[in-house]
Amino acid sequence: MTLSPSLPNAHSPAEENVSILEIWGGQTLSGQVAVSGAKNSALVLMAGAVLCSDECSLRNVPSLADVSCMSEILAALGVKLERSGDRLIINASTIGQSKAPYELVSQLRASFFVIGPLLARLGVARIPLPGGCAIGARPVDLHVRGLQALGAEVQIDHGIVYAYVKGVNKRLKGAKIYLDYPSVGATETLMMAATLADGETTIENAAQEPEVIDLANFCRAMGAKIRGAGTNTITIAGVSRLHTADYSIIPDRVEAGTFLVAGAITRSEILVSPVIPDHLTAVIAKLQAIGVQVVNEGTHSVRVIPSQNILPTDIETLPYPGFPTDMQAQFMALLTLSEGDSIISETVFENRMGHVPELSRMGADIRIKGNHAIIRGVPMLSGAPVVATDLRASAALVLAGLAANGKTTIQGLHHLDRGYEQLEAKLQKLGARMHRVKSDVKVDDCDPVAMVSPKPSILNQPS
Ligand code: EPZ
């Protein structure tokens, strides 16, 4: 496996203490920002390439810590990977291993998605249970039950999911599957497993996210027979093998949404592209509800035109096409500066409010009641040392820092690097004053609860 040295390192918590992000708020941003390929597509399409007995090529693959981690997991399974720029060539023709290493899987939940392709290709798979993360318990019962419906025997022993198919040809069998919840991951795992199954499979109450459609399109480019992706019923007619394909991944709608909020929260006009505007319908509707204009420019760009006053609104996160949970934290940061009270209800993950105490440290007025956050708008946030607890929480803190008065320092950047490609450089190009600095983890006077304040040695001064 030869991976380009520029790829973000998958192992960063320990090094985490080395760098923190410093942001001086209050800058007006302007210009155009480029959106990278979708993280949540790249990860599952990389797993999908395991279905293919030939070489495949994925383009528009973002350089992210999660992508590096998935690459290492596939390599550990005997897959050959070659990266050049945003193109990833994946060759799973000689896949031999069916066991994914715990130390890597434990870092990346999405790695569990390889269970479907491994079972479909080899008739056996041993994948460590991914376990929970900061935002929730994240069980995989829907994946397991669906695989059992396709004829797999599944045992969970000592934290390892051991799945295998009995019979001489070790081939899964088409089946009717109803998902109790439209889980993105379970829909993707089962759709992949069914592509090489004997017979037809239907997945009802399936997830309809754009990343599910992107995966189906990639599999069809490899010769799979899939109908209905993007609706709540997907039908897959199994085929005996898949062939090579060269596929380009969709733009990241969550990264695009984050930049739209960056425009709104800093009262700045920004052009965001490439995007697929339809993928942002719920996000744009909420921005318009609070008085921000978002206009399409051409077919693949949207411009955010800020308003001076941010109106309050209520948001409930839901499966697509509802409001995305991956934009909840960013909108909470925005609504802390609204002219009134807003309620955000998080219905997808049971523990996705880690950003609340950190935003409160910056002067936000937020109370939590169960899975609801009641946000009372304040005139101004003030810069403070804060800690990111998960990927989207880190994005929310960056956005709050851009709007705040004074300096914000953010720790926990390994979360940010998991899902945002070159975020600082992109925001600096728009005029943000921010940079990463080394931190020697010394407690200083900025916060009695042992927050660090770095001895600045500039790593990347904004140009
Ligand atoms: C995908 O996670 C995304 N990750 C998440 O993005 C995103 O938040 C989520 O979908 C919802 O949109 C990737 O695609 C890699 P789910 P996934 O299965 O597939 C419960 C980000 O910030 N559930 O739809 O894990 C589960 O616990 C990340 O980029 C079960 O109970 O999400 C959760 O409460 C975070 N049993 C709910 O369903 C199962 O077997 C939704 O999970 C599976 C899921």
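A polar contact is a pair of N or O atoms within 3.5 Å; within protein, one atom must be able to donate a hydrogen and the other to accept it, and residues adjacent in sequence count only if both atoms are side-chain atoms. In this structure, an oxygen atom of the ligand is 2.8 Å from a polar backbone atom of valine 184. The model is predicted: local features need pLDDT of at least 70, side-chain atom pairs count only at pLDDT 80 or more, and totals for chains, interfaces and linings use all residues. Residues are numbered from 1 along each chain as its sequence is written, and side-chain values use heavy atoms, with hydrogens and water left out.

**Ligand site**

- The ligand is surrounded by 22 residues, each with a heavy atom within 4 Å of it.
- The closest are Asp141, Ser183, Val184, Asp326 and Val348.
- The side chain of aspartate 141 places an N or O atom 2.7 Å from a nitrogen atom of the ligand.
- Glycine 185 has a backbone N or O atom 2.8 Å from an oxygen atom of the ligand.
- The protein buries 88% of the 830 Å² that the ligand exposes when taken alone (Shrake-Rupley method, 1.4 Å probe).

**Make-up of the shell**

- Two or more residues each come from α1 (39-48), α5 (141-149), α6 (184-195) and α12 (391-403).
- Helices here are DSSP runs of H or I with at least four residues, strands are runs of E with at least two, and both are numbered from the N terminus.
- α5 gives the most, with three residues.
- By class, the shell has 10 nonpolar, five polar and seven charged residues. Nonpolar covers Ala, Val, Leu, Ile, Met, Phe, Trp, Tyr, Cys and Pro; charged covers Asp, Glu, Lys and Arg; the others, Gly among them, are polar.
- Domain 1 (13-36 + 251-451) and domain 2 (40-248) each supply at least three shell residues.

**Domains**

- The bounds come from an automatic or database domain assignment.
- The domain centres, taken over C-alpha atoms, are 31 Å apart.
- Domain 1 brings 21 residues to the contact and domain 2 brings 18 (heavy atoms within 4.5 Å).
- About 1700 Å² is buried between the domains, 51% of it from carbon and sulfur atoms. This is the accessible area (1.4 Å probe) lost on putting the two parts together, summed over both.
- Tyr320, Arg418 and Glu421 supply 31% of the area that domain 1 buries against domain 2.

**Backbone**

- Most residues other than glycine have a negative phi, and most peptide bonds are trans.
- The bond from serine 273 to proline 274 is cis, with omega near -5 degrees.
- Tyrosine 320 and proline 321 are also joined by a cis peptide bond, with omega about 10 degrees.
- Histidine 158 has a positive phi of about 50 degrees and sits in the loop between β7 (152-157) and β8 (160-165).
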